[in-house]
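This briefing is meant to be read beside the sequence and the structure. It goes from the chain as a whole to one helix and then to one pair of helices.

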Amino acid sequence: MPLDPTPVPDELRGLRIALLVSGGIAAYKVVDLASALTQAGTEVRVAMTPTATRFVGAATFEGVTGHPAVTGLFSGGDSPEPHVALGDWAQLILVAPATANVVGKMAGGRSDDIVTATLLAARCPVVVAPAMNDAMWSKQAVQDNLATLRRRGVTVVEPESGHLASGHSGAGRLAGAQGLFNAMVHAVRARYDLAGRRVVVTAGGTREPIDPVRFISNYSSGKMGFALAAAAADRGARVTLVSAASHPAHHGVEVQHVDTAEEMLAELRSQLRGADLLLMAAAVGDFRPARIARHKIRREETASLNLQLESIPDIVASLAGDEALAGVFRVGFAAEDSDLDSKGVEKLKRKGLHAIVANDISRRDIGFGSDYNAGVLLFADGSRHELEKATKREMADRILDLVLPRLPH
Ligand code: CTP
């Protein structure tokens with residue numbers, strides 16, 4: 001009997017879900033599940049153990065999801081590295097049906113097929129839906145393995161009781177669609193607290209051209225902005241990173257590259273429509289050449305060079321004055337070498353921000369170029385939170401933890 005027709009919950013729509021199928025008769029039931037999820041706008045990719053392919057053909061899953069099902073560590077799918085590609089890509093993994101064998105391999109950390117290798121390479125929440133014969137289900141070894149998985153944060157969907165393929169009646173039938181969806185939503189909510197949110201992050205030091213080969217910039221590495229974008233994407237937000245720096249970005253982040261402050265402002269004006277949160281980590285230049293030379297300035301042409309600089313308008317302050325963007329919660333970042341609190345509060349007010357992170361660039365162990373940061377997060381209502389020294393990624397998550405409850409619904 002196929003799975004019951006249950007509407008796909010909104011929380012799952014738009015997610016990247018890896019469906020890992022192991023070799024049990026219930027494999028045929030998850031074809032319906034893959035189809036329902038795909039039709040609801042979820043991106044589903046399937047990997048199967050060799051035994052699972054004895055129950056359902058890979059072509060069936062390809063037919064319903066539109067993507068080839070990966071069936072081996074070296075075969076199937078469209079990635080040169082199938083053993084890590086799917087785990088890397090997925091925002092949620094569902095193992096269904098999970099046989100006693102797969103549950104045992106997971107508990108033991110084995111990775112000798114595409115399903116267990118994907119699980120070991122994954123960073124996302126995992127939901128396991130066991131299905132097996134009632135005698136197997138009742139074995140202490142199986143229950144101990146499931147207890148181990150639960151302890152490690154895996155969500156286990158208890159099988160149902162009823163008629164089993166062996167002819168017996170008992171516990172071991174794959175849970176119904178409602179039970180699977182509930183467990184998936186539970187796992188998603190716990191991890192993806194920014195799901196449905198649109199976040200725009202800026203990063204790097206803007207570059208203002210002097211001539212076609214030279215520019216004025218600053219020491220900002222862009223690492224804090226990239227860490228913020230990755231953290232927001234890992235928590236389920238749709239993230240655009242408007243960046244003047246180039247680093248490999250998290251695969252869930254859309255990157256728009258800009259050079260100058262003017263380009264950054266124009267990009268932000270279009271990206272921020274409908275956004276919930278702006279994290280303005282870019283070190284925007286304060287001055288730019290008043291005139292850009294059209295041709296490379298040659299050494300022979302001039303013994304000395306005087307550059308006339310003009311000031312650059314404040315991007316974040318001008319965004320604050322834009323009524324169309326009034327719903328966007330704006331967080332600024334200030335690199336300071338003294339008086340973090342008072343300078344932070346002054347900038348927060350001057351720039352019409354909702355919050356500001358002031359970090360201390362006088363310390364050599366943190367800040368520009370470093371993988372570490374520390375500072376203080378100040379909100380417009382006067383509340384203050386110390387941000388202890390941490391990796392930029394840890395600090396990014398801490399900032400999101402503190403900002404999230406203040407986002408308008
Ligand atoms: N900022 C901006 N546009 C500018 C300069 C800065 O939007 N032209 C933003 C930065 O991205 C950051 C915040 O304002 O989020 C604070 O940047 P900072 O350089 O500390 O502010 P300034 O006003 O330039 O102050 P200072 O005189 O200390 O450089």
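Predicted model: local features only at pLDDT ≥ 70, side-chain atom pairs only at ≥ 80, totals over all residues.

**The chain overall**
- The chain holds 14 helices and 19 strands, and its C-alpha trace spans about 90 × 50 × 40 Å along the principal axes.
- Of its 409 residues, 51% count as buried.
- Among the contacts in the chain with a separation of 6 or more, 68% come from residues 24 or more positions apart.

**Helix 1 and its surroundings**
- Helix 1 covers residues 29-39, and its buried residues are Lys 29, Val 30, Val 31, Leu 33, Ala 34, Ser 35 and Leu 37.
- These buried residues pack against strand 1 (16-21), strand 2 (43-48), strand 3 (92-98) and strand 7 (169-173), as well as against helix 3 (58-65) and helix 9 (177-191).

**The pairing of helix 5 with helix 8**
- Helix 5 (residues 100-108) packs against helix 8 (residues 140-151) at an angle of about 50°, and their axes lie 9 Å apart; helix 5 is therefore oblique to helix 8.
- The crossing of helix 5 and helix 8 is left-handed.
- On the helix 5 side, Ala 100, Val 103, Gly 104, Met 106 and Ala 107 meet Val 142, Asn 145, Leu 146, Thr 148 and Leu 149 of helix 8.
- The residues of this contact between helix 5 and helix 8 comprise seven nonpolar, three polar and no charged ones.

Conventions: Residues numbered from 1 in each chain as written. Heavy atoms only, no water. Buried < 20%, exposed > 50% of the residue type's maximum accessible area, 1.4 Å probe, protein only. Helix = DSSP H or I, 4+ residues; strand = E, 2+ residues; numbered from the N terminus. Contact = heavy atoms within 4.5 Å. Axes fitted to C-alpha atoms, helices over the stretch in contact; angles between N-to-C directions. Parallel < 35°, antiparallel > 145°, perpendicular 65-115°, else oblique. Left-handed = near helix turned anticlockwise from the far one by under 90°. Nonpolar A, V, L, I, M, F, W, Y, C, P; charged D, E, K, R; others polar.
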